[in-house]
Amino acid sequence: MVAEPQTRGANAEVRDAIALMREMSVRLLARMYLPNKRLFVHCIRRGSNGDQPEGVSRRYTAIVLIGLATELESDTIRACGGDSPREICGRILDDVGSVTNLGDVALTLWAARLWRHSNAQAALDRLRVLDPVRGAHDTVEIAWALTALSCSGEASGWPAGDAGLAKRVAGRLAALFHESSGAFQHVPSDASPSRTRAHVCCFADLVYPTQAFSYYGRMTGDKTALDLAKRGAEFM
């Protein structure tokens, strides 16, 4: 009978730790933002002249926007140096038509939908051009595409035309799952320049397909997707 209060205490400890990390993240993200570029930097590197921002990253900017989408408005503004996250989202949507990396485009679409940006269609159009179903893309990038397609940002379900594409992307991602190992391979065999690297799974190759099938399964009720999400989580 003592297990119940111990569980409550453990849960409270976890919640406190998460709250601390979230507050720290918001505070430190503000250091990573460059207002003149409306982009987040690639990293801050410590050198002889102190901590210096290094590079800028469209990908990291989209990831920050995704992470901030469920935070309080005051925290999002603070993390973005006083700028509006929607304005930053507009910045990475402005030239998304010239981006050649599927992962960057998928993350941009994902962020745009969470923030209900009026120009999200530009990222969807570019994602279609890059073809996550047949193009030469890594497993992680295909998973991001599936999540972006399954995360409409609206309560009404699938945006027009997404369901068919999402189903085909889910099929390609599912084909990368190996029953014998319970893991997803790093790159589709027909898209890898290296036969020795294609099948070797890294942690990201587990995380993002699991997340993608969770989103897709929740949107569609697809039992195969939900099973793959469960098996990926159990493997991790």
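Predicted model: local features only at pLDDT ≥ 70, side-chain atom pairs only at ≥ 80, totals over all residues.
## Overview

A residue counts as buried when its relative accessible area is under 20%. By that cut-off, alanine 106, at 0% relative accessibility, is buried.

The chain has 236 residues, and 42% of them count as buried. Its secondary structure comes to ten helices and six strands. Take the contacts between residues at least 6 apart in sequence: 61% of these join residues at least 24 apart.

## Alanine 106 and the pairing of helices 5 and 7

Let us stay with alanine 106 for a moment. Its place is in helix 5, which spans residues 102-114. Leaving aside residues up to four places away in sequence, alanine 106 touches Leu127, Trp144, Ala145 and Ala148. Three of the partners, Trp144, Ala145 and Ala148, are also listed in helix 7, whereas Leu127 is one of the buried residues of helix 6. Alanine 106 and leucine 146 are 40 residues apart in sequence, yet their C-alpha atoms lie 8.3 Å apart in space.

The axes of helix 5 and helix 7 come within 8 Å and cross at roughly 20°, which makes helix 5 roughly parallel to helix 7. The crossing of this pair is left-handed. On the helix 5 side, the contact involves Leu102, Gly103, Ala106, Leu107, Leu109, Trp110 and Arg113. Helix 7 meets them with Glu141, Ile142, Trp144, Ala145, Thr147, Ala148 and Leu149. Sorted by class, the contact of helix 5 with helix 7 has ten nonpolar, two polar and two charged residues.

## Helix 7 against helix 9

Helix 7 (139-150) has another partner in helix 9 (residues 203-220). These two helices pack at an angle of about 20°, with their axes 8 Å apart. That angle makes helix 7 roughly parallel to helix 9. The crossing of helix 7 and helix 9 is left-handed.

Helix 7 contributes Thr139, Val140, Ala143, Trp144, Leu146, Thr147 and Ser150 to this contact. From helix 9 come Ala204, Asp205, Tyr208, Pro209, Gln211, Ala212, Phe213, Tyr215, Tyr216 and Met219. The residues of the contact divide into twelve nonpolar, four polar and one charged. Trp144 and Thr147 take part here, and both are named in the contact with helix 5 as well.

## Threonine 139 and glutamine 185

Threonine 139 sits in helix 7 and is buried, with a relative accessible area of 0%. Not counting residues up to four places away in sequence, threonine 139 touches Leu173, Leu176, Phe184, Gln185, His186, Val187, Pro188, Asp205 and Pro209. Asp205 and Pro209 belong to the helix 9 side of the contact with helix 7.

Beyond residues up to four places away in sequence, glutamine 185 touches Thr139, Leu176, His178, Ala198, His199 and Asp205.

## The buried side of helix 6

Which residues of helix 6 are buried? In this helix, which runs over residues 120-130, they are Ala120, Ala123, Leu124, Arg126, Leu127 and Leu130. They cover an arc of only 165° around the axis, which puts them on the same side of helix 6. What covers them includes helix 4 (85-94), helix 5, helix 7 and helix 8 (162-174).

## Positive phi angles and a partly exposed arginine

Just after helix 6, aspartate 131 takes a positive phi of about 60°. Arginine 116, in the loop between helix 5 and helix 6, has a positive phi of about 50° although it is not a glycine. Arginine 38 is not a glycine either, and its phi is positive at about 55°. Arginine 38 lies in the loop between strand 1 (33-34) and strand 2 (39-40) and is partly exposed, with a relative accessible area of 30%.

Another arginine to look up is arginine 22, in helix 1 (residues 3-29). Arginine 22 is partly exposed, with a relative accessible area of 41%. Its C-alpha atom is separated by 9.7 Å from that of aspartate 75, a residue 53 places away along the chain.

Conventions. Residues numbered from 1 in each chain as written. Heavy atoms only, no water. Buried < 20%, exposed > 50% of the residue type's maximum accessible area, 1.4 Å probe, protein only. Helix = DSSP H or I, 4+ residues; strand = E, 2+ residues; numbered from the N terminus. Arc of directions from axis to C-beta. Contact = heavy atoms within 4.5 Å. Axes fitted to C-alpha atoms, helices over the stretch in contact; angles between N-to-C directions. Parallel < 35°, antiparallel > 145°, perpendicular 65-115°, else oblique. Left-handed = near helix turned anticlockwise from the far one by under 90°. Nonpolar A, V, L, I, M, F, W, Y, C, P; charged D, E, K, R; others polar.
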